[in-house]
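Biologist: I am new to this structure. Please show me how to read its features, one at a time.

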Amino acid sequence: MMRRAHLVLAGLAAMACGAAAWAYLSGPKPLSPDQLAARYDTPLPPPNGPLTVFHLGHSLVGRDMPAMLAQLAEHDHASQLGWGTPLKAHWEPDEPIQGFDVENAHDHYRDAKDALASGDFDAFVLTEMLEIEAAINYFDAPDYLEKWASAAREGNPDIRVFLYESWHDLNDPQGWLTRLDEDPVRYWEGVLLAQAMASAPEAGPIHVIPAGRVIAEFVRRIESGDGVDGITSREDLFARMDDGTLDPIHINDLGAYLVALTHYAVLYQRTPVGLPRHLDRADGTPSTAPGQALADLMQRTVWDVVSTLPITGIPQN
C-alpha cells in the first residue's frame with residue numbers, strides 16, 4: 001500500500017544516517033540540558049476555555065486522533081497532513097508531500113501557512129517525520145521546527161506551540177521500548193528542541209506532548225500482568241494491514257484514543273480521568289472503544305506521565 005511507502009524510505013535513510021551526525025555546527029550552539037530545562041521553569045497558564053488547535057504532520061497524526069481529541073475537548077481544529085512528511089516538505093513549496101491529496105480531503109484541512117498567519121489558532125501541534133535520525137541528518141529538522149514555531153507566533157504572539165513526540169516501528173533493531181525511553185533526550189529534546197530554541201532565544205518555549213513516553217508506560221503496565229479487557233501487549237494498540245498482518249507503526253482506534261488523551265491532558269492541563277471512552281472516527285463512524293477498566297488505566301497512565309514532566313508546561317506539584 002502506497003501509504004506505507006514512507007516507512008521503507010525512512011528506514012533506508014535511517015540505516016545510512018548514523019546516530020548522532022547532524023549538520024548544525026555552523027549555527028547557534030544548542031542549548032545545554034540545564035539551559036533547556038531552565039526554559040521550562042515557568043509553566044504555561046491553564047487555558048481559559050476550549051482552544052482552537054492546528055495539527056501539522058503525517059499519518060502518525062492522522063485524521064482520527066485529532067477528531068477524537070476534538071470530541072474530548074469540544075474544541076475546533078484543522079490540519080495539514082501527508083505520508084511520512086518532514087517539516088521541511090510542509091514548509092518548502094517545491095518539496096513534494098506524499099499523500100497530500102488523500103490525507104487532506106476533508107473539511108478540517110487548511111493550508112498550514114495561511115492558517116497560522118490568520119491568527120485563528122490558540123495552539124499549534126506539529127511533529128517530525130520518522131525515522132527521526134534521518135529527519136535531523138537529512139531534512140534540517142531543528143531549523144524547520146524553529147521556522148514553523150516562529151511563523152505560528154507571527155500570526156498569534158500568544159499561540160501555544162507543542163512538539164508531538166511520537167514512536168517508532170515495533171521491530172526497531174535498537175529495541176522499541178529502548179527507543180521510546182532514550183529518544184526524548186537523544187533526539188526530540190536533545191537535538192530538535194535544544195537547537196530550535198537556541199536559534200530563537202527571544203521566543204517562548206516549545207512544549208512537548210510526550211505520546212511516546214505515555215505509550216511506553218502504558219505498555220509496561222499492560223505487559224507486566226495479565227492485561228486488561230483482553231488487551232495484553234503492545235501489538236494490541238496497532239493497526240492491521242488489509243491481509244490481517246500487523247502494521248508495526250500505525251496505531252488502531254485504541255492507540256488513537258490513548259494519544260488523544262495525552263494531547264488533551266497536555267493542552268488543557270487537566271487529568272483525563274473520567275473522560276468519555278465512546279468516540280467517533282473522523283468519518284463519523286464509531287471507533288472501537290476501550291472497555292471501562294482499560295479506559296481507566298489509559299487515563300491514569302496519561303496523567304501519571306505528563307503531570308511529572310515540566311516540558312509539557314503543566315505546573316508541577
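Biologist: Is Glu-74 buried or exposed?

Modeller: This is a predicted model, so every value here is computed from it. Exposed means over 50% relative accessible area. Glu-74 has 68%, so Glu-74 is exposed.

Biologist: Where is Glu-74 found?

Modeller: Glu-74 sits in the loop between α3 (64-73) and β2 (76-80).

Biologist: How do I read backbone angles?

Modeller: Most residues other than glycine have a negative phi, and most peptide bonds are trans.

Biologist: Is Gln-269 buried or exposed?

Modeller: Buried means under 20%. Gln-269 has a relative accessible area of 13%, so Gln-269 is buried.

Biologist: Which peptide bond is cis?

Modeller: The bond from Leu-130 to Glu-131 is cis, with omega near 5°. Glu-131 belongs to the loop between β3 (123-126) and α7 (132-138).

Biologist: How should I look at the interior?

Modeller: In soluble globular proteins, nonpolar side chains tend to be buried together. Here the largest nonpolar core has 98 residues. Phe-124, Trp-167, Leu-193 and Leu-267 touch the most other members.

Biologist: Which residues is Trp-167 in contact with, leaving aside neighbours within four places in sequence?

Modeller: Among them are Leu-60, Leu-130, Trp-176, Phe-238 and Val-259.

Biologist: How do I describe aromatic pairs?

Modeller: A pair of aromatic rings is described by the distance of the centres and the angle of the planes. The structure holds eight aromatic pairs. In one of them, the rings of Phe-54 and Phe-124 have centres 6.3 Å apart. Their planes are at 45°, so the pair is tilted.

Biologist: What does the pair of Phe-54 and Phe-124 tie together?

Modeller: Phe-54 lies in strand β1 (residues 52-56) and Phe-124 in strand β3, so the pair ties together parts 70 residues apart in sequence. Phe-54 is buried, at 0% relative accessibility. Phe-124 is buried too, with a relative accessible area of 0%.

Modeller: Tyr-264 and Tyr-268 form another tilted pair, 5.4 Å centre to centre, with 35° between the planes. Both lie in helix α11, four residues apart, about one turn of the helix.

Biologist: Which residues do ring pairs link into a cluster?

Modeller: The cluster consists of Phe-54, Trp-91, Phe-121, Phe-124 and Trp-148.

Biologist: What sits over the ring of Trp-91?

Modeller: The charged end of Lys-113 does, 4.1 Å from the ring centre. Likewise, the charged end of Lys-147 sits over the ring of Tyr-144, 5.7 Å from its centre.

Definitions and conventions: Residues are numbered from 1 along each chain as its sequence is written. This is a predicted model: local features need pLDDT of at least 70, side-chain atom pairs count only at pLDDT 80 or more; totals for chains, interfaces and linings use all residues. Side-chain values use heavy atoms; hydrogens and water are left out. Helices (H or I, at least four residues) and strands (E, at least two) are DSSP runs, numbered from the N terminus. Buried means under 20% relative accessible area, exposed over 50%, partly exposed in between (1.4 Å probe, protein chains only). A nonpolar core is a set of buried Ala, Val, Leu, Ile, Met, Phe, Trp, Tyr and Cys residues joined through side-chain atoms within 4.5 Å. Contact means heavy atoms within 4.5 Å. Rings of Phe, Tyr and Trp (its six-membered ring) pair if their centres lie within 6.5 Å; planes under 30 degrees apart count as stacked, over 60 as edge-to-face and the rest as tilted. A charge sits over a ring if NZ of Lys or CZ of Arg is within 6 Å of the ring centre and within 35 degrees of the ring normal.
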